[in-house]
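Open your viewer and get ready to pick out a few side chains.

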2 protein chains.
Amino acid sequence: MAEAYGAAEKVTTEMAAASLADPALEQSHGRVFIKTILNGAEEFVGRRVVVGGWVKTGREQGKGAFAFLELNDGSCLANLQVIVDAGVCSLAQLTPTGTSVLMEGELKKPPEGVKQSVELRVEKVLEVGLVDSAKYPLPKTRLTLEFLRDFVHFRARTNTISAVARIRNELAYATHTYFRENGFRYVHTPIITTSDCEGAGEMFQVTTLFSEAEKIEKELNQNPPPQESDIEAAKLIVKEKGESVSHLKSLKASKEKIVGAVSELTKAKESLAKLEERFNMKGGIPHKEGKIDFAHDFFGRQAFLTVSGQLQVETYACALGNVYTFGPTFRAEHSHTSRHLAEFWMVEPEIAFANLEDDMNYAESYVKFLCKWLLDHCLEDMEFMVKNVDKTAIERLKHVSLMPFERISYTKAVQLLENVTDKEFENKVEWGVDLASEHERYLTEVIFKKPVIVYNYPKGIKAFYMRQNDDGKTVAAMDVLVPKVGELIGGSQREERLDVLKQRILEMGLPLEPYDWYLDLRRFGTVKHCGFGLGFERMVLFATGLDNIRDVMPFPRYPGRADL
Amino acid sequence: MAEAYGAAEKVTTEMAAASLADPALEQSHGRVFIKTILNGAEEFVGRRVVVGGWVKTGREQGKGAFAFLELNDGSCLANLQVIVDAGVCSLAQLTPTGTSVLMEGELKKPPEGVKQSVELRVEKVLEVGLVDSAKYPLPKTRLTLEFLRDFVHFRARTNTISAVARIRNELAYATHTYFRENGFRYVHTPIITTSDCEGAGEMFQVTTLFSEAEKIEKELNQNPPPQESDIEAAKLIVKEKGESVSHLKSLKASKEKIVGAVSELTKAKESLAKLEERFNMKGGIPHKEGKIDFAHDFFGRQAFLTVSGQLQVETYACALGNVYTFGPTFRAEHSHTSRHLAEFWMVEPEIAFANLEDDMNYAESYVKFLCKWLLDHCLEDMEFMVKNVDKTAIERLKHVSLMPFERISYTKAVQLLENVTDKEFENKVEWGVDLASEHERYLTEVIFKKPVIVYNYPKGIKAFYMRQNDDGKTVAAMDVLVPKVGELIGGSQREERLDVLKQRILEMGLPLEPYDWYLDLRRFGTVKHCGFGLGFERMVLFATGLDNIRDVMPFPRYPGRADL
């Protein structure tokens, strides 16, 4: 480049130049990831590298002659051992937990008997970001997950939350890879919607009415709002101007004169309209006939945050065949449980020319794929979970990735649960009533000791879009239950018959009109199709063995809390 | 499986069984994608397959003895030619455009001189979804994109929109692949937020106040609302109960009696609180001191839809190093242009231990990667775009994937534009003023004829979080400008110095308190870091050559419109 970058820093550019000779070192444009070093320890011995990261622990040794640092850069769980001599840098600056350092040095083989395979002898400290230990909220290494929830902006620096982040990242990429390999296309369904998927879910409303009202209020504070007398006066002017036009017309006055008078009338009308608008806005939110008038809202009507992309993604399935959506969904429910969030991510495939059995086949193969992927790509973090969170986490992944899932009808599931004698359920089991979490977990954890798919549920407890079976009592729905979390996936074959679907909507007490576009898919070239939804955070809970969903979502939202 | 599936359909299961002997045919659990057939035409000749799709065009031939159908299943742009004899099925049912068909037959080599490499001789029609041509909204093959916007639930069945969907899908997967290969982790930043990234953007508010008010209104309709006299009466009871407690205490009455009286007092207080709540709710939205009281809203305060995940993803960059977010973002702006949506997707990487030059390097290599990916994975759809939308679409991708981007400072860009003599700009070019779209496009399309990165912008026109350069006048910001769309990427090095950042926030007239967590990242182990945002729909416009952003988003949202 001919031109200089002004004040832009040059440090990493120089690094990039220094490492150009060795492509293996070209990571993050100069900096080498600690993961890369530790994975290839043998071949890195003797090389000069630049590394950056945050100090996990630091201690001065040899009466202050040098310091050992455990450095982590988030590229993996393991830290790089670093040795800095007092001559290189002020050691007291480097040792506090949380300090960031970018440094250059030579990778060496540590003395025999040391567990590290390689360590960094620092020659130059390029950058330091200081920490005042007395004020740093995360000074200690062991903090409860609950405590960390008050510091979502720092908690990714802990072992547990950074491992969760890497596992989550792998599960997301595995999801895209699985569907791609199976001929699915990713479709972005809308977040803001005017449809309600369930006809029941508690939804968040999206609005600009409050900010609009605030703007008008400010404007009214600057310019005094009109009084009723102002309106009356303006009405009088309109009346006069109108009469003047009539008068001129009756006199057969010149066209010019009439046009002039009409123009004055128009102006008077506009001025009246403006006054009336400001007068009516005095109350803040616009009203009409005693109700809030959403015609003034951004989309000209009420709009909400989606509870599921299913209905919309069906339109793409009925054109592209195999599609899926993976995006945020929302529930405005006042749940304070460890299993619910107001904002969560959902994976929703939708498959044309497919029935309930295809649906179960896809669900099973997708879950198995995810489990196997973590074993292949994320073992270090999974081993951390085994050691610190859930002894059985890896075993569970192996088990699920290998064993065929059990498949039983809802009717059979109820029979099995009714015959249970070694446990008292809090909720009664009865045909026609939805299974409670305790029943689901008993089926998968105790009776079958593996994932169970329960299918053909009573229609009374399921959504209108699920395909009615010939028995008239059940619908082609299925839930995948897994140990540790219970329901992981819910899906169904969709009702493709126009008349049956209409009847189901009406049976549920819902109006037909909002679903007219959805019915159109059945009116024109309808196909048998099916789909399911996997709660992404549930999958992360299942994989990690963690108990609280607030710890597997980077920025959890729940009643009363939306930090950052 | 031992148990029968009740009413669940068996068709595709049988298909799956039929094709099990031949793994190459195992697509979508029985059905073979048309893409698979056409890609391997030679080897498919003579095989029996099941295909499903929608009829693009159908015509009876040989005096109704047979029909030709062009069948499309969305797996690729091309159709499969299908021949059905009148003996197999009612031909009149099959020929209308939009009809869905699932059918079984043998793939044959067509007669010499026919352009198709393979065609299907149908032996059995398994399923048909009828279309009444007179009522189908998309009967013709050529419809304007504008017309199609009124039928978002059907438009993916057209060539253009389905090609866009496949290109969009490839760009999304390419994005995840690029960042994965470069050591980035995907982080889900929040959609609902209490932070405002720009301190300026028009935001949508997320609320449950309207639905809560509606609930209370319903309840008040069923149970008459309290009158002021009811409140007074309830207050009197509280007073009496309070006096009774005091009286008992002064008499040193038994503990039992006092506890009883206190319990009655508590009940009276609760009852008063409930009455007061209902009384205050009469007006609908809860108010406090003349203002709407958002303490009653779901999150206990005002919450909005995110305009960018940047600030939040910085917290993960300052822990994991290289991260990115890819999610929906929102602007409540009343723009009716062809370049703006109220809801759109953004890709936002964030890189620790990196400066503005690193930022530009990543931006350039990412865009090149996307272009190359489309050429490698999506050529058929790109060729369609060249033929029907923009002759230069493929040429542009090749050009961008190969040529180094030009990099010039903002100051230089202004100089160049000031010296332009062959064109009159609508907006004046002047140092200190933001470049308009016409300037950006002139730079990339006319002056350099390739992508241009403009860096070091005047601080007065950029956000508070951008790193101030040593000249005191500019910040380390950069925009990537590309032919056809202008600004594709905006990014910057972030201000990592606590004192400078604080001063910038105050200079902008913003309060410090809401950014306290953001400042914390600079207080404790701060690092130089940078990042950028790519408007995903802009990238699709750039790739396809389409003009209107409403045609590259599956379900576009803009003022007055949020269909489905």
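Start by selecting Glu104(B) and Arg48(B): they form a salt bridge, with the closest N and O atoms 3.3 Å apart. Glu104(B) sits in strand 4 (residues 100-108) of chain B and Arg48(B) in strand 1 (residues 48-61) of chain B, so the pair ties together parts that are 56 residues apart in sequence. Glu104(B) is buried at 19% relative accessibility, while Arg48(B) is partly exposed at 45%. Keep in mind that this is a predicted model.

Next, pick Glu350(B) and Arg494(B), whose side chains meet in a salt bridge at 2.8 Å, N to O. Here strand 13 (residues 343-352) of chain B is tied to strand 17 (residues 486-494) of chain B, parts that are 144 residues apart in sequence. Both Glu350(B) and Arg494(B) are buried.

Now hop over to chain A and select Arg48(A), Glu104(A) and Glu123(A), which salt bridges with shared partners join into one network. Over all chains, the structure holds 67 salt bridges.

How many disulfides are there over all chains? The count is zero. Cys76(B) is buried, at 6% relative accessibility.

Finally, show both chains. Chain A can be laid on chain B with an RMSD of 0.4 Å by a turn of 180° and a shift of 0.2 Å along the axis. The two copies are thus related as by a two-fold rotation axis. To find that axis, select Val206(A), which comes closest to it among the residues of chain A, at 2.5 Å (C-alpha).

Definitions and conventions:
Residues numbered from 1 in each chain as written. Chains lettered and ligands numbered in written order. Predicted model: local features only at pLDDT ≥ 70, side-chain atom pairs only at ≥ 80, totals over all residues. Heavy atoms only, no water. Disulfide = S-S within 2.5 Å. Buried < 20%, exposed > 50% of the residue type's maximum accessible area, 1.4 Å probe, protein only. Least-squares fit on C-alpha atoms with pLDDT ≥ 70 in both. Salt bridge = Lys/Arg side-chain N within 4 Å of Asp/Glu carboxyl O. Helix = DSSP H or I, 4+ residues; strand = E, 2+ residues; numbered from the N terminus.
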